[in-house]
Amino acid sequence: GDAPDVERALRFYPLHDRQRLTRDLDRAIAEGTGYDLELDFVSGSGRMKRVRALGDPQLRDGKTVAVTGTFQDISASHEIERRLERASLTDDLTDLPNRRHFTRRFEQLAADRFAPFALALFDLDHFKTINDSLGHKAGDEVLRATASTMRQDWLRSSFAARVGGDEFVVLFTDPRLTRDIGATTARLVDALRQTIRFKSHAIPATGTVGVAAIDAPGHSMSQVLSCADAALYAAKANGRGTAVISTPEDMFFGSAAA
C-alpha cells in the first residue's frame, strides 16, 4: 500500500522511543548526522517488537535533502540478550537478584535524587550446622525458603538479593518502611523466624540482622555495607536471631541502637 507520512509512521513507536527517534531524526536533518537506535515498535497487528533503525542523511550543497533509513527486526536477538542479562543478574538457586544486581541497584539509588533509605544485611543462624548434619540439599531448601520470605507482600517495594552463601541484603527505600526502621527491622527478624520442612525433618531457622540507616547523601556502597556489617557483628554478640541498627556516624562514635 501507500507509504505512511512520517507523523503517522512515528505513532507505531511507544512514546519514549518515539521521542528519541524524533530527536535524532530532527538532528539528522538539521546537522547532517546519522543515527543508529534500538527501539520498541508496535507492528500493524499490535505485536511488540524490537527494531534497529538507522538513518543516513543525503546532503546536497551542505544541506540535508533526504534521509535514507534502514529498518531491521531484531526481536529474536534482543530476547536472547535480555535472557542472558537476566541470568547474569540472578542467583540460580533462589531466583533472587545476585551481588552484581545489588551493586547495580545501589549505584542507581545513589544516582537518583536522595531520600532516606536503609540497608539490612543478614545471614542465617547455624547454617553450616544444617548443611553438616542434614546435607546441602537441606541447606538449599532453607535458602529457597528464605528467598520466598523476601517475596512477602510487605517487602514488594524493597530490593532483596542473595550476595553470598547464606548472606542476604534488603534495600528499604519505601518511606512507609524507613520512617520507623526499628519496627521494620523487628518485622524482618520475625519473618526470618520459621520452621522449614525437609523430608521428615522440621528445621528451625532464624536470621541475625544488621541495619545501616542512611539519612544523608554522600555515602558509598562500601561505607553502607561496612556500617551494616558492623551492626550485624554487634547483633551476633547480643545473640542469634537479633538485630542492631546503626548509622555510618556510629562507626566513628562507637554507638549503635539495638
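Predicted model: local features only at pLDDT ≥ 70, side-chain atom pairs only at ≥ 80, totals over all residues.

1. Strand β2 comprises residues 48-60 and pairs with β1 in the antiparallel sense, the pairing extending over eight bridges.

2. The sheet as a whole is open and has three strands, arranged in the order β1-β2-β3 with antiparallel pairing. Because β1 (35-42) and β3 (63-73) each have a single partner strand, they stand at the edges, and one side of each is left without a neighbour in the sheet. From one strand to the next, the twist averages 30°.

3. Helix α2, formed by residues 15-31, packs on this sheet and touches β1, β2 and β3. The direction of α2 makes about 145° with that of β1.

4. The largest pocket holds about 420 Å³ of space. Its lining consists of 19 residues, and those nearest the centre of the pocket are A9, Y13, L21, L25 and Y35. Two or more lining residues are given by each of α1 (6-10), α2, β1, β2 and β3. Strand β3 provides the largest share of this lining, with five residues.

5. Which kinds of residue make up the lining of the largest pocket: nonpolar, polar or charged? The lining divides into 15 nonpolar residues, three polar residues and one charged residue.

Methods: Residues numbered from 1 in each chain as written. Heavy atoms only, no water. Pairing = 2+ DSSP bridges. Helix = DSSP H or I, 4+ residues; strand = E, 2+ residues; numbered from the N terminus. Axes fitted to C-alpha atoms, helices over the stretch in contact; angles between N-to-C directions. Contact = heavy atoms within 4.5 Å. 1 Å grid on protein atoms, 1.4 Å probe; cavity = no way out; pocket = protein on both sides within 12 Å on 5 of 7 lines; lining within 4 Å. Points joined across faces, edges and corners; volume = space filled by probe spheres on them. Nonpolar A, V, L, I, M, F, W, Y, C, P; charged D, E, K, R; others polar.
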